[in-house]
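Thank you all for coming.

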Amino acid sequence: MTRVTQLGPAAIAEAAQLIREGLPVAVPTETVYGLAADAGSAEAVAAVYRAKGRPPGNPLIVHVLDRSQAEAIGRFSSDARAAAEQWWPGPLTLVVPLHPEARIAPAATAGLTTVALRCPAHPGMRALLESSGRPLAAPSANRSGAISPTSAAHVLQGLRGRIPLVIDGGPCAFGLESTIVAMTGGPPRLLRPGPITFGEIVQGTDGAVPSGSEGIEAPGQFPSHYAPSKPLRLGATDARPGEWLIGFGAVLGNDSLSPSGDLAEAAALLFGALHRADASRETVGIAIAPIPETGLGIAINDRLRRAAAPRPSGD
Ligand code: TXA
Ligand code: MG
């Protein structure tokens with residue numbers, strides 16, 4: 001059975017106890033809800049893969065309280081250190097070489113010699129890191145391939161009965177997963193666009209901004225991901241018969257991401273809007289208005305393209 005409990009000291013104490021017992025717990029972060037487990041325990045990490053139905057080749061992000069905890073797990077170049085100094089705690093994940101003495105279950109990194117590290121800002125996730133006293137492997141708290149959860153209700157839709165506890169901390173402020181940048185030698189590479197743009201991150205480093213597309217580098221960055229169950233049509237200015245229209249700016253719909261055209265508001269509401277569109281019984285498809293390809297719009301369009309991509313069969 002899955003219990004939902006409001007974020008607070010009692011919830012954190014209960015969650016930390018479950019973590020110490022090797023069980024995964026859903027917890028809010030400033031980006032999306034995460035499914036957290038002891039990153040040092042092979043059994044706990046296996047339980048995360050199992051609950052999500054996640055393919056074993058897709059590594060998890062390891063969450064830490066601060067840079068010193070991170071540097072016991074990964075090797076930081078001066079660029080990586082500068083980026084962490086500037087953006088942590090916050091929605092930036094750094095992929096760095098795995099420290100040879102890191103006490104991380106190999107399954108957490110899917111056996112890679114690199115590790116994805118993130119220092120979250122959300123008080124709920126931070127309290128759990130502190131109280132459990134260990135680094136926490138935490139992918140988004142959804143079934144593999146589905147839309148990321150930005151509320152406790154979304155977590156339940158996907159994982160009810162599969163995990164013991166969901167900590168409800170209300171809606172997530174950013175609503176999009178963290179930006180992932182690899183700093184493993186050579187120039188920094190953008191692996192997943194997110195709330196902080198690549199330009200903002202590399203400004204503080206020596207690395208040159210790569211030109212052109214970065215391609216698929218993160219093992220989990222399959223073209224189809226973040227998918228609703230109904231087909232999704234992008235760049236729509238009106239609804240076709242049977243479609244639920246998600247508006248933005250001047251395009252009004254069944255729902256709007258932001259009537260005023262505010263990209264931060266749109267990012268925060270995006271996954272909730274997709275969940276609602278998917279749940280509507282009167283429609284068989286989803287259409288969404290064009291979103292400008294600037295600032296946060298880059299990350300929003302990245303998620304939308306994946307949500308609209310053809311699915312591999314069986315997922
Ligand atoms: O905002 C976030 O990052 C959320 C919250 C919960 O922190 N987490 C999240 O985790 O989005 P997840 O597992 O849904 O996405 C992690 C991504 C995957 O695409 C995975 O392939 C990539 O990070 N990743 C993890 N370790 C990696 C590594 N060593 N090298 C390259 N990519 C890696
Ligand atoms: Mg995910």
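Before I point at anything, one convention: two strands are said to pair if DSSP finds at least two bridges between them. Please also keep in mind that what you see is a predicted model.

With that convention, consider strand β12, residues 243–247, which is joined to β13 by 2 bridges, the two strands running parallel; within this part, Gly 247 stands opposite Ser 256 in β13. Both strands belong to an open sheet of 4 strands, ordered β11-β14-β12-β13, in which the pairing is parallel. At its edges stand β11 (232–233) and β13 (255–256), and because each has a single partner strand, one side of each is left without a neighbour in the sheet.

There is also an open sheet of 10 strands, where the pairing is mixed and the order reads β1-β8-β2-β3-β7-β4-β6-β5-β9-β10. Its edge strands, β1 (3–6) and β10 (189–192), each pair on one side only. Inside that order, strand β3 (residues 34–38) and strand β7 (residues 136–137) run antiparallel and are joined by 2 bridges, with Ala 37 opposite Ala 137 in β7. Helix α1, residues 9–20, lies across β1, β2 (25–27), β3, β7 and β8 (165–168), and runs at about 150° to β8.

If we set aside neighbours within four places in sequence, Ala 308 is in contact with Leu 232 and Leu 234.

Definitions and conventions
Residues numbered from 1 in each chain as written. Chains lettered and ligands numbered in written order. Predicted model: local features only at pLDDT ≥ 70, side-chain atom pairs only at ≥ 80, totals over all residues. Heavy atoms only, no water. Contact = heavy atoms within 4.5 Å. Axes fitted to C-alpha atoms, helices over the stretch in contact; angles between N-to-C directions.
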